[in-house]
Structures are given as C-alpha cells and as structure tokens.
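This report describes the fold and the nonpolar core of the structure shown below.

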Amino acid sequence: MTKFIDLTLSGISDGAIYAAVALSLVLIWRATRIVNFAQGAMLMITTFIAYAVISSGASYVVGFVVALLSGLLLGAVIERVLIRRVEDAPPLNAVIVTLGLYTLLVAVAGMIWGNTPKSFPAAFSLQGYKVGGTRLLFTPNDTFIVLVVIGVALGLAVLFRFTTLGLQMRAAAFRPEVARLLGVRVGRMFTLGWAFAALAGSVAGVLVAPSVFLGPNSFDPILIGGFVAAVLGGLDSPPGAVVGGLVLGVALSYVAGYEGSSLVPLAGLLILVAVLMVRPTGMFSATKERRV
Amino acid sequence: MLVVEELTTDYGAVRALDNASFQVQEGTITAVLGANGAGKTTLLRTISGLVRPTCGKVHLDGESITRMPVEDIVRRGLAHVPEGRGVIGELTVAENLRLGGLFRHHEAMPLEEIYELFPRLEERRTQPASRLSGGERQMLSIGRALASRPRALLLDEPSLGLAPLLVAQIMGLIRKLADTLGLAVVLVEQNARSALSIADRGVVLNLGHVVADQAPAELAADERLRRAYLGF
C-alpha cells in the first residue's frame, strides 16, 4: 500500500512536468495552430540560462526568475521573427520551421555550454521522505514541483478566464478575423500566446533539470511525454493538458514501479496510440461548432 | 458620414469590385443589393480593411481610412458585422459583448444598455454563444458591434437564414438604431424587398459595378432593374 501511494505521488510529480510541457504545446496550438517541435529546445535554452546565472553565484530563486523571463522573451521573439512569416502558410511550413529551430537551438547550446551533461541544483532535497523506516521515491523537491506547476496552471487559468487580456487572447485564438473586427490586436495576442507558452515550458525545464541532468538533448523525452499528455487531454484544452499530464505521469509511474522502468517509453507510446485510436480528439475536447 | 470613392478590389486576376462610389449620411441606411457574386461582401470587407483595395478611397467623417489596419479602422468608429453571424461560439454571450467594447474602455456601451435593446441576450448571458438560435446570434453580433459606440455600421446579410417574422424584427431594429444613434448604416442584403423597406438609399451592384444608386421607391419602380438584379 505504501508503495502504491508512493508511486502515485511520484507519478503526480512527473506528471506535473508533463503537464507544464503539455500546457506550453497547447497554448501555442490554440493561438496559432502550430505544433511547436522546438519547445523542448526552447526550454533547454532557458534552463541553460538559469544554469549560467546560478553558477555565476546567484541564488536558485534568481536563476528561476531569469529562466521565466527569458522564456517569455524567447517565445515572443520567436513568434515575431520566425513564426509570423509562416502563420498563413501551409501547416507543413511551420512544422519545418520549428524542426529547424530545434536543430539550431540544440547546436547553439552545444557550442556555448558543451555537450557533456551538467548537474543542475534542486530547490529542495532530492532524498525521499522517510515513512516508518522506508525511504519513499517522493521527495521534498517533488512537493515543490507539484506546487509550482499548480501555481502556473492556476495563474494561466485566471489570466484566460478572468482578465480582459485573456478574453482577447481567447477571441484571437478562436476567430482571428472576428477578433480583429472587434479591435483586438490579434498579432500581439499571438505573440503573447507564444510568450506564455514558452514561460510554462521554462518552468518545466528548471523543475526537471535536477533529475535528468542538463545537456542539449536532455529534454527530448520530456517533450515526448508532454506531447502525449497534450494529445491525451485534447490539444485544444489547457485544463486537458494538466489532467493529461497527471494521468500520464501516474500511469508511467505504476509501469516503472511494478513492471520495470525499461517499459516506460513503450507504455507511453502505447497510451498515445490508444488515445489516437479510441478518442483522437482527447479527453477534454469540447464538441464545438466549426466553420465549414 | 461614410464616403466610398472609386473603390476597386481584385482577388488575383478577378476584379471583385470595380470603381464603386457612394455615400452614407449619418442616421441613414444604404441598402447594397445584388445577386450572389456581385461584390457586396467584398465591398464591406474592403471598407473595414479586411481586404486591401487595388485603388480608391474610403473616408469616415472626413478622415481617410483607406489601407489602415482593421484594428485601427475599428477604433475610428466603424463596426462590421460579418456574414454568417460572426459570434465566437466558444465564448459566452456576455464575453462576446464585452469583447465588442473592450478597446473603448469606460466609453463602451454598458452591457445593461445592450440588454435593454435585446432582452433575450440578458437571459442567455452566461451561455456559450454556440447555443444561441440564428436570430439570437444576429442580435448578439449587432449588439456586440454597438458596444464600441460606432458611427458607421456595416451589416452583411443580417436576414440570412432567419424566419420572415424575425427578418421583419431585425429590419425594424436596424431602422431604430440608425434613427436613435445616428448611425451611418450599410446594409448588404439578398433580401432586396425587406432591405429597401427600411433603406433611405439603394445601391445595386452587378459584377462589381454600381449599376444604380437611387431612392428605394425609384428602385422598386424601375422594372428593368428589379427584374435584372433584384429578383422581385
């Protein structure tokens, strides 16, 4: 029973990371109908920036804040400079651009910081909690991860639900032309959508870095997990991304705990295929009217 | 006052609007009539900046708004209710209405005033707009356009798909809005008869050309025009 609870808890922690990555993919998909394959590389860059800040002697908190701000900026700049040019082009153009951006960012990170993985500090202890003499997988740092991701998700929910900026961002995402006719600066909303998405991604990067080590390619598995989570929740739904992330995290944690961790990638893939076969629109996709 | 001067719009090699000119005074309604493909929707989309004209000019209250970004044209007091009732189905009725007046901040028309014009919308304010009926959607998109207190209003086929009784109601409402708010209204319609019943002026388009610009009574009396372009 302890094992089950422990696996559930550490699954929630892994799931929180997937949720944050899934959120970043969903926000971009909603805003600009683009699957951002460069997301893993973007959050890798912002995590390296945090690493550089922290190793220059600044505190963890400063490093974290710098990662978030550089995420916002990176997302906005990428949208303005690269994505704006392919938004009205065939979808394949955007796919190629984000793949190219991925390659570019990975190469740049390798040139600046080298390809040997570096250890990244954790906010709290990575030693599991002790319950009745057994040490759990679930650590104080996991608690921190879960709380931070909940905070980010709630923050985004409040932004979209209750602010006029969020209202404009939703309008621009759903019906760009109508939004423009109502005076919404749609281009600006797309830029902000990318900025907030990159922010969610950079949160995931800093949080997961202590357990994967930091290298140009270390976040690729996380991105795949985030992608599965996003599909699981329905690419269109931010709450779906969060739930999808948690469900995936817990499921993979059971697989790792009861069957062995070598089966985890296979299980992730199985879940993806199963979702695409049974409910390709995801768990949370609303059935909504679409223009014909 | 809305002035359209020699406006020409091309879609690639196709000339959708050819040298169209007319004026709309405040407090009056100009019905723009014509068959499918006559250029009516293109005319509205060019005026509101969604489509760039090849040449020609649009003035609103003496200021040129030609080739301005849509968002800026809207801020100068022009509201465009697009064809097919451009409500955002994923947002609630109240959110749609708020969105309409957002850029006017405190000067936007308060939602209560819009609800007074359209009591049905108040009953449904918390529902997603996708749940509304056709008539309610039309009210929502007109109410939303009014939220920004525009001086000119472009309406694209407000009667489309509505029952005759509703069409009469909507037309009556448009007349009332023009009179009470002093709006310059451009009303694009297939339903020529009901549009002319409330209009002060009728413009007939054919293949992008203005073939008539007359008082409604004269238009209705001209059998040749009626048969050729208006279908009644």
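Helices here are DSSP runs of H or I with at least four residues, strands are runs of E with at least two, and both are numbered from the N terminus. On that basis, chain A of this predicted model reads α-α-α-α-β-β-α-α-α-α-α-α-α along its sequence. That comes to eleven helices and two strands.

The overall dimensions of chain A come next. A compact globule with 292 residues would have a radius of gyration near 19 Å, and chain A agrees because its own value is 19 Å. Along the principal axes, the C-alpha atoms of chain A fill a box of roughly 65 × 45 × 35 Å.

| Property of chain A | Value |
|---|---|
| Residues that count as buried, of 292 residues | 50% |
| Contacts between residues 24 or more positions apart, of those with a separation of 6 or more | 73% |

The largest nonpolar core holds 167 residues, and the members that touch the most others are Ala19(A), Ala20(A), Leu23(A), Val185(B) and Leu187(B). Helix 8 of chain A, residues 186–212, gives this core its largest share, 17 residues. In chain B, domain 1 (2–77 + 152–230) and domain 2 (90–149) both contribute residues to the core, so the core lies between these two domains.

Which residues does Leu23(A) touch, not counting residues up to four places away in sequence? They are Ala153(A), Leu156(A), Ala200(A), Pro238(A), Ala241(A) and Val242(A).

Key
Residues numbered from 1 in each chain as written. Chains lettered and ligands numbered in written order. Predicted model: local features only at pLDDT ≥ 70, side-chain atom pairs only at ≥ 80, totals over all residues. Rg over C-alpha atoms; globule rule 2.2 N^0.38 Å. Buried ≥ 20, exposed ≤ 12 C-beta atoms within 10 Å, placed from the backbone. Contact = placed C-beta atoms within 7 Å. Core = buried A, V, L, I, M, F, W, Y, C linked by C-beta atoms within 7 Å. Domains from an automatic or database assignment.
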